[in-house]
Amino acid sequence: MEYILLVIGSLLIALSFNLFFYPNQLASGGISGISIIIDTLFGFEPALTQWALNIPLFFAGTFLIGRHFGVKTAVGSVLLPLLVLLTRDMPSLTTNILLASIYGGILLGIGIGLVYRGRGSTGGFSVAAQILHKYTGIGFGLCVALLDGMVILTAGIFISPEKAMYALIGLFVTSKTINVVQIGLSYSKVAFIISDSVEEIREAILFELDRGLTKLQATGGYTGEDRTVLMVVVGQTEVTRLKEIVRSVDPGAFVILSDTNEVLGEGFKLSGPS
């Protein structure tokens with residue numbers, strides 16, 4: 001299943017490249033963005049440029065970081081440029097640059113998200129970012145952002161400043177879509193409840209709301225007294241009912257509500273491999 005996700009994800013990445021980004025010269029970061037810039041300047045086949053950069057990066061990462069990246073990273077480094085080559089003759093779906101950046105970003109995000117769910121990698125800048133992270137101490141996420149930013153800046157110089165700005169839109173859409181693929185669209189709420197009527201609220205949540213909860217031991221910052229904090233996770237539709245239950249028991253209770261993207265366990269999403 002992980003290899004199937006790697007193949008499907010790589011195919012969607014290749015389609016996003018050939019249907020949206022490449023025809024509109026949108027270099028939205030990564031090795032694919034570099035291949036678009038090189039094609040614009042020198043006319044080199046993008047798939048060949050991607051192979052020429054991906055494969056050495058994989059071996060450099062293996063040598064410099066001192067660990068094996070795994071078979072799936074090697075497969076992804078070779079497979080993605082191959083799929084880009086095989087789908088290169090597909091006609092572009094739009095010449096509108098804004099639409100290309102949005103829909104290309106969505107398709108690219110779905111592809112990358114599927115690759116990540118399959119615990120794989122297509123190589124490229126993820127390897128380069130790991131190397132940069134190890135030898136500079138800069139956070140991995142920031143390394144990726146810096147590398148992508150350099151590609152978009154270069155595209156702004158050698159292709160078009162306007163298209164570089166659209167490429168930024170594509171990169172933003174991609175990042176949001178990856179999150180959706182990995183954690184889904186559903187949101188839950190986690191509530192922390194501080195009250196002098198802890199036991200009454202606990203029973204009401206357990207038997208009226210039918211939700212489990214956790215007792216956390218805390219110390220008041222001002223009084224220094226030991227307090228019990230109730231933590232409970234509820235679905236979006238249960239938030240109003242939870243507030244009503246707490247208010248009916250203790251109108252002066254202190255309640256903190258915040259979003260949580262993914263909850264695994266009984267009553268929510270089943271835990272297990274994604």
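Select Arg227: at 26% relative accessibility it counts as partly exposed, a class lying between buried, under 20% relative accessible area, and exposed, over 50%, with a 1.4 Å probe and protein chains only. The model is a predicted one, in which local features need pLDDT of at least 70 and side-chain atom pairs count only at pLDDT 80 or more, while totals for chains, interfaces and linings use all residues. Residues are numbered from 1 along each chain as its sequence is written, and side-chain values use heavy atoms, with hydrogens and water left out.

**From Arg227 to Asp196**

Arg227 forms a salt bridge with Asp196, their closest N and O atoms being 3.2 Å apart; the term denotes a side-chain nitrogen of Lys or Arg within 4 Å of a carboxyl oxygen of Asp or Glu. Because Arg227 lies in strand β3 and Asp196 in the loop between β1 and α9, the pair ties together parts that are 31 residues apart in sequence. Helices (H or I, at least four residues) and strands (E, at least two) are DSSP runs, numbered from the N terminus. Asp196 is exposed, with a relative accessible area of 70%.

Next select Gly220, in the loop between β2 (214-219) and β3. Apart from neighbours within four places in sequence, Gly220 is in contact (heavy atoms within 4.5 Å) with Glu225 and Arg227. Gly220 is partly exposed at 22% relative accessibility.

**Helix α9**

Now display residues 198-209, the 12 residues of helix α9. From first C-alpha to last, α9 reaches 15 Å, close to the 16 Å expected at 1.5 Å a residue, where the expected span is 1.5 Å times one less than the number of residues. Which residues of α9 are buried? They are Val198, Ile201, Ala204, Ile205 and Leu209. Seen down the axis of α9, these buried residues fall within an arc of 130°, so they line one face of the helix; the arc is that of the directions from the helix axis to the C-beta atoms. Their packing partners are β1 (188-194), β3 (226-235) and α10 (239-249).

Being 3 residues apart in the helix, Glu199 and Arg202 are separated by about one helical turn. Glu199 is partly exposed, with a relative accessible area of 36%, and Arg202 is partly exposed at 21%. Following α9, Asp210 has a positive phi, near 60°.

**Glu2 and Lys72**

The whole structure holds 10 salt bridges. For another of them, select Glu2 and Lys72, whose closest N and O atoms are 2.5 Å apart. This pair links distant parts of the chain, Glu2 in helix α1 and Lys72 in helix α4 (residues 71-86), 70 residues apart. Glu2 is partly exposed at 29% relative accessibility, whereas Lys72 is buried at 14%.

**The loop between α1 and α2**

Move to Asn24, in the loop between α1 (2-21) and α2. Asn24 is buried, with a relative accessible area of 5%. Not counting residues up to four places away in sequence, Asn24 touches Ser92, Thr94, Thr95, Asn96, Ile97, Ala100 and Lys163.

Gln25 is in the loop between α1 and α2 and is partly exposed, with a relative accessible area of 27%. Gln25 has a positive phi of about 55° although it is not a glycine. Most residues other than glycine have a negative phi.

Ser28, also placed in the loop between α1 and α2, is buried at 8%. Leaving aside neighbours within four places in sequence, Ser28 is in contact with Phe21, Ile152, Ala167 and Leu171.

**The nonpolar patch**

Finally, select Leu41, Phe42, Phe44, Leu153, Ile157 and Phe158, which make a nonpolar surface patch of about 670 Å². Patches are made of residues with over 30% relative accessible area and no salt bridge, with like charges joined within 9 Å and nonpolar side chains (Val, Leu, Ile, Met, Phe, Trp, Tyr) within 5 Å. Accessible areas come from the Shrake-Rupley method with a 1.4 Å probe, and for residues only the protein chains shown count as cover. Helices α2 (30-42) and α7 each supply at least two residues of the patch, and α7 gives the most, with 3 residues. Phe42, in helix α2, is exposed at 56% relative accessibility.
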